[in-house]
Amino acid sequence: MLKPVTLESELIKLEPITMEHLSDFYNAGNFAEVWRYMQSNPCENVEIARSWIVGMIDEMATGSQVAFVIINKQNNKIVGSTRLFRVNEVDRTLEIGHTFISPGFQRSHVNSHAKYLLLEYVFETLAFTRVEICTHEDNLQSRRAIARIGGQFEGILRKNRRAEDSSYRNTALFSIINDEWPQVKANLLKTGQCKEVFSYVSN
């Protein structure tokens, strides 16, 4: 069972989402290009965003996921969202996903810091053995970003996600396992992607 937790680096904060985040969450995601490869646009309007947040809060209450807003600490603004979900307690695996980042902060420190904080927490605090990260088969930008942080490409899952319009997508599956985490962590720090990460956790 997952519990809400706040994760921080010097540059960003991952904070469990609440209804108080609605307006800033909507503004951060109100860009059509962000959802090009997603099955739906949860920031199409404020009411849809509200419904999406209600669903996240309900799921967090069951312990099945933790949904975060990503806060840029330089201006204290929400610049995206991400979550831990699809938890398998028996096999100690979960997925990092439902991630979006505002266009102005893509290809910046935000994604690297967010993934670093989540991976560090999952492997070093929760002691999970495997993390999966998935994206649309055609989303090459996302696939490159996942590979850049150390995700190992495992293949294409055909027709594994169904959209509201009943269409299907093929999913590119990446993973990081606990044996790889020390090297992944070292590489992130060495390459400078996360050179300013000094992480800490608060409940």
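A search of the whole structure finds 0 disulfides, a disulfide being a pair of cysteine sulfur atoms within 2.5 Å. This is a predicted model, in which local features need pLDDT of at least 70 and side-chain atom pairs count only at pLDDT 80 or more, while totals for chains, interfaces and linings use all residues. Residues are numbered from 1 along each chain as its sequence is written, and side-chain values use heavy atoms, with hydrogens and water left out.

Cys43 has 0% relative accessibility and therefore counts as buried (under 20% relative accessible area, with exposed over 50% and partly exposed in between; 1.4 Å probe, protein chains only). Cys134, at 14%, is buried.

Two packed helices are described by the angle between their axes and the distance between the axes. For α1 (residues 22-29) and α2, the angle is about 115° and the axes lie 10 Å apart. The two helices are therefore roughly perpendicular (65 to 115 degrees). Leu22, Phe25 and Tyr26 of α1 meet Val46, Ala49, Arg50, Trp52, Ile53 and Met56 of α2 in this contact (heavy atoms within 4.5 Å).

Gln65 sits in the loop that joins α2 (46-62) to β3 (66-72); helices (H or I, at least four residues) and strands (E, at least two) are DSSP runs, numbered from the N terminus. Gln65 counts as buried because its relative accessibility is 7%. Leaving out residues up to four places away in sequence, Gln65 touches Leu2, Met56, Glu59, Met60, Arg83, Leu84 and Phe85. With Arg83, the Gln65 side chain makes a side-chain polar contact at 2.9 Å (a pair of N or O atoms within 3.5 Å; within protein, one must be able to donate a hydrogen and the other to accept it, and residues adjacent in sequence count only if both atoms are side-chain atoms).

How values were computed:
Axes are lines fitted to C-alpha atoms, for helices over the stretch in contact, and angles run from 0 to 180 degrees between N-to-C directions. Angles under 35 degrees count as roughly parallel, over 145 as roughly antiparallel, 65 to 115 as roughly perpendicular and the rest as oblique.
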